[in-house]
Amino acid sequence: MKRSAPMRRWYSAAIGCTVGQIVKSLVFVFPRPDDSLEPVLCLVSGPNRVDLARLAAVSGEPDIRRASANEARELTGFTIGGIPPIGHGRAVRVVMDDGG
């Protein structure tokens with residue numbers, strides 16, 4: 001299920017919080033020297049978007065990109081829309097926004 005702005009508003013109202021208090025777990029990937037993919041989990045405040053150029057600068061990975069649905073599932077064990085911010089079966093690098 002796609003998590004659109006109206007859905008985020010619905011979820012925030014349902015649990016009694018603001019949209020900014022909802023965290024999105026977004027998976028990005030970059031190639032390792034052996035051509036496998038390394039995931040980076042971005043925890044982003046509900047209304048915010050990931051600036052890919054800024055993520056590349058912060059992570060030091062110029063070839064970072066958003067993971068495909070299949071890549072996200074293969075690397076995290078979860079499907080898009082259900083990727084948790086914690087509790088992964090492997091170590092995953094995490095980058096968080098400041099919520100602002």
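The model is predicted, so local features need pLDDT of at least 70 and side-chain atom pairs count only at pLDDT 80 or more, while totals for chains, interfaces and linings use all residues. Residues are numbered from 1 along each chain as its sequence is written, and side-chain values use heavy atoms, with hydrogens and water left out.

Followed from the N terminus, the elements run α-β-β-α-β-α-β. The C-alpha atoms fill a box of roughly 45 × 25 × 20 Å along the principal axes. Among contacts (heavy atoms within 4.5 Å) between residues at least 6 apart in sequence, 53% join residues at least 24 apart.

Next, colour the chain by accessibility, taking buried as under 20% relative accessible area, exposed as over 50% and partly exposed as in between, with a 1.4 Å probe and protein chains only. Of the 100 residues in the protein chain, 33% are buried.

Now select Ala5, which belongs to helix α1 (residues 5-15). Ala5 counts as partly exposed because its relative accessibility is 32%.

Move on to Asp35, in the loop between β1 (23-31) and β2. Most residues other than glycine have a negative phi, yet Asp35, which is not a glycine, has a positive phi of about 75°. Asp35 is also exposed, since its relative accessible area is 65%.

Finish at the second largest pocket, which holds about 340 Å³ of space. A pocket here is an open set of points on a 1 Å grid over the protein atoms alone, where a 1.4 Å probe fits, with protein on both sides within 12 Å along at least five of seven lines, and lining residues have an atom within 4 Å of a point; the volume is the space filled by probe spheres set on the points, which are joined across faces, edges and corners. Select Arg49, Asp51, Arg54, Met96 and Asp97, the closest to the pocket's centre of the 15 residues that line it. The elements giving two or more residues to this lining are β2 (37-45), α2 (52-59) and β4 (93-96). By type, the lining of the second largest pocket divides into 8 nonpolar, 2 polar and 5 charged residues.

Notes. Helices (H or I, at least four residues) and strands (E, at least two) are DSSP runs, numbered from the N terminus. Ala, Val, Leu, Ile, Met, Phe, Trp, Tyr, Cys and Pro count as nonpolar, Asp, Glu, Lys and Arg as charged, and the others, Gly among them, as polar.
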